[in-house]
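Q: Could you take me through how contacts, cores and burial are read in a model like this one?

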Amino acid sequence: MAGPNVIESEEHVMKMAKHIKAITTKLGLPLIFKSSFDKANRTSSKSFRGPGMAEGLKILEKVKVAYDLPIVTDVHESNQCEAVGKIADIIQIPAFLCRQTDLLVAAAKTGRIINIKKGQFCAPTVMVNSAGKIRGAGNENVMVCERGTMFGYNDLIVDPRNLEWIREANCPVVADITHSLQQPAGKQLDGGGVASGGFRELIPCIARTAVAVGVDGIFMEVHDDPLSAPCDGPTQWPLRHLEELLIELVAIAKVSKGKQKFDIDLTPFRD
């Protein structure tokens with residue numbers, strides 16, 4: 001799953017979809033295009049949020065039709081789910097909302113695949129309950145996403161153990177390799193907004209780790225000009241380096257046995 005963090009314009013989203021699809025098609029990788037129509041959980045009310053649901057869904061539908069791509073986008077309120085479910089192939093539940101029962105149930109009732117991001121404040125085992133809410137609403141199409149864990153007030157850590165433990169939800173596991181490297185908002189912008197920081201240079205490190213452990217998919221935000229991105233620029237991967245990184249990840253995936261449980265023999269070793 002890849003694309004720019006938020007819809008900046010129809011022209012930009014179409015451009016990104018075109019280039020990302022060309023790369024993934026060349027490498028034989030399935031792509032689900034991601035972009036948000038509304039970043040409702042921005043730290044400041046003055047920060048850029050996107051075009052809103054009505055306009056944003058129109059743009060995502062154009063991407064879907066023009067490039068024959070499945071779409072993933074996020075919802076923040078229960079009353080958004082029905083409309084989003086008519087366009088998106090995967091409905092994403094933001095990390096901050098991973099325990100919101102009414103939202104999970106409303107998303108589940110669309111029949112779409114639901115991707116639940118694990119809250120930064122949650123243990124991986126919490127995803128068992130979140131996925132259970134989707135299934136309890138009659139939808140077996142659920143996946144869970146690891147995106148880091150809070151470490152004090154202003155840092156995230158990526159614990160590879162979570163990529164094993166989160167499998168207890170008994171569904172596909174995705175690793176968010178870009179949001180996992182965010183630094184909580186703290187940079188004041190002209191006009192009164194606030195921006196998050198992050199460690200873009202560590203994106204390959206987290207990606208390599210996740211693929212070696214054996215995740216079912218990766219989620220990453222990609223931008224053609226990260227330094228000018230209005231949202232999460234420091235943790236968006238440069239489009240110019242996407243193919244290079246994916247080639248390496250494919251190579252790791254081909255040799256990794258991360259999805260296979262190691263059969264540990266504890267009987268005494270004898271010559």
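Q: Which residues does Ile 93 touch, not counting residues up to four places away in sequence?
A: Contact means heavy atoms within 4.5 Å, and in this predicted model Ile 93 touches Val 75, Cys 98, Leu 103, Leu 104, Ala 107, Ile 114, Asn 115, Ile 116 and Lys 117, leaving aside residues up to four places away in sequence. Residues are numbered from 1 along each chain as its sequence is written, local features need pLDDT of at least 70, side-chain atom pairs count only at pLDDT 80 or more, and totals for chains, interfaces and linings use all residues. Side-chain values use heavy atoms, with hydrogens and water left out.

Q: How many residues has the largest nonpolar core?
A: A nonpolar core is a set of buried Ala, Val, Leu, Ile, Met, Phe, Trp, Tyr and Cys residues joined through side-chain atoms within 4.5 Å, where buried means under 20% relative accessible area (1.4 Å probe, protein chains only). The largest one here has 63 residues, and Ile 93 is among those with the most contacts inside it, as are Ile 20, Phe 33, Ile 116, Met 220 and Leu 242. A second, separate core of seven residues includes Val 72, Ile 90, Met 143 and Val 174.

Q: Is Ser 180 buried or exposed?
A: Ser 180 has a relative accessible area of 2%, so this residue is buried. Not counting residues up to four places away in sequence, Ser 180 touches Glu 146, Arg 147, Gly 148, Leu 156 and Val 158.

Q: Which backbone oxygen does the side chain of Ser 180 reach?
A: The side chain of Ser 180 reaches the backbone oxygen of Asp 176, at 2.4 Å.

Key: Buried < 20%, exposed > 50% of the residue type's maximum accessible area, 1.4 Å probe, protein only. Polar contact = N/O pair within 3.5 Å; in protein donor to acceptor, adjacent residues only side chain to side chain.
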